[in-house]
Amino acid sequence: MNKSSKLKEDVLCTLAVTAASFIFAANFKSFIQTGDLFPGGFNGLTRLIQRCALEFAGVELPFGPINILFNIVPAVISFKFIGKRFTLFSCLTILLTSIFTDLLPSWSITEDILLICVFGGLINGFAAGLCLRMRVTAGGTDFIAIALSERKNVDAWNYILCGNIIMLAVAGLLFGWNRALYSILFQYTTTQVIRILDPSSRRATLFIVTGREAAGGVCAQIQETNHTATLVEGVGLYNGDPCVLIYSVVESGQLRRLIRDIHQSDPKAFVNVIRTDKLAGRFYRRPRD
């Protein structure tokens, strides 16, 4: 990537994380505070500490310093195991979110707790998805989960889920189970939106039927995605002509361009796309830096 393209990408990423940080903060000061909810990760833990300090000590703690303090160690882990650019832009998201959250005034859009959980979760998920589109994160436990999954091939999301459950159990004991249970609905909505908006977390299996002469060009297009393929010689039952079946697995976000390129190599290629829910084995992950 040349310097001009890299600068353009960095500027776009800065604008995106700034917008996402503002959305996070606005959502926190409207939906989350109005519903007295506890979002997942370090934001939820910061919120829990704020509520405890206000409820039992009568002290109103700022959001920013606590949230930044929690993110120091995960950020160091991310810098070491994931990459410099990813960590710096993610830290920018954390910093801006913390500043915006303490600066923005509190306001209530609706008092309906169900609407707060659904629409607050949608907004929160959209902001998180916007960060992931730029190949950065909102920080917190995401730092640890991504580092373990990409470098150590360890699925840490279940452990993070357990941590969120413990946090919500504490919140339920201290402030009532209704708020804890509604917080689960908020977190679930957020997670579903993130899954929709983050194409890097989804895989797709391709079965491509093409002629022997065009197989090389089709495989070359697949290799452009940094993935490879398996070729199986076959015979088409319709006309009895020899053909090649190409099997490959790619990221869902690469599908549209890849299918277009495949049809440029062979306009008659038959492409079957199947959603891949689980994958075991070596699969190329594009570096976040």
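Welcome! This chain has six aromatic pairs, where rings of Phe, Tyr and Trp (its six-membered ring) pair if their centres lie within 6.5 Å; planes under 30 degrees apart count as stacked, over 60 as edge-to-face and the rest as tilted. This is a predicted model, in which local features need pLDDT of at least 70 and side-chain atom pairs count only at pLDDT 80 or more, while totals for chains, interfaces and linings use all residues. Residues are numbered from 1 along each chain as its sequence is written, and side-chain values use heavy atoms, with hydrogens and water left out.

**Aromatic pairs**
- Phe-22 and Phe-100 make an edge-to-face pair, with 5.7 Å between the centres and 80° between the planes.
- Because Phe-22 belongs to helix H1 (residues 3–35) and Phe-100 to helix H4 (residues 84–103), this pair ties together parts 78 residues apart in sequence. Helices here are DSSP runs of H or I with at least four residues, strands are runs of E with at least two, and both are numbered from the N terminus.
- Phe-22 is partly exposed at a relative accessible area of 41%; buried means under 20%, exposed over 50% and partly exposed in between (1.4 Å probe, protein chains only).
- Phe-38 and Phe-175 are stacked, 6.0 Å centre to centre with 20° between their planes.
- Phe-38 sits in the loop between H1 and helix H2 (41–56) and Phe-175 in helix H7 (residues 157–175), so their pairing connects parts 137 residues apart in sequence.
- Phe-38 is buried, with a relative accessible area of 0%, and Phe-175 also counts as buried, at 15%.
- Phe-38, Phe-56 and Phe-175 belong to one aromatic cluster.

**Arg-51 and its partners**
- The charged end of Arg-51 sits over the ring of Phe-175, 4.3 Å from the ring centre; this term asks for NZ of Lys or CZ of Arg within 6 Å of the centre and within 35 degrees of the ring normal.
- Arg-51 also forms a salt bridge with Glu-55, their closest N and O atoms being 3.7 Å apart; a salt bridge is a side-chain nitrogen of Lys or Arg within 4 Å of a carboxyl oxygen of Asp or Glu.
- Both Arg-51 and Glu-55 lie in helix H2, four residues apart, or about one turn of the helix.
- Arg-51 is buried at 13% relative accessible area, whereas Glu-55 is partly exposed at 46%.

**Other salt bridges**
- The salt bridges number eight in total.
- Arg-85 and Asp-10 meet in one of them, at 3.3 Å from N to O.
- This pair links distant parts of the chain, 75 residues apart, with Arg-85 in helix H4 and Asp-10 in helix H1.
- Arg-85 and Asp-10 are both buried.
- Arg-47 and Asp-36 meet in a salt bridge of 2.8 Å, N to O.
- Arg-47 lies in helix H2 and Asp-36 in the loop between H1 and H2, so the pair joins parts 11 residues apart in sequence.
- Arg-47 counts as buried at 7% relative accessibility, and Asp-36 is buried at 14%.

**The whole chain**
- The chain contains 10 helices and four strands.
- Its C-alpha atoms fill a box of roughly 80 × 45 × 35 Å along the principal axes.
- Of the 289 residues in the chain, 43% are buried.

**A strand hairpin**
- Strand E2 (residues 230–235) pairs with strand E3 (residues 242–251) in the antiparallel sense over six bridges, where pairing requires that DSSP finds at least two bridges.
- Leu-231 stands opposite Ile-246 in E3.
- E2 and E3 form a hairpin with six residues between them, and Gly-240 in the turn has a positive phi of about 75°.
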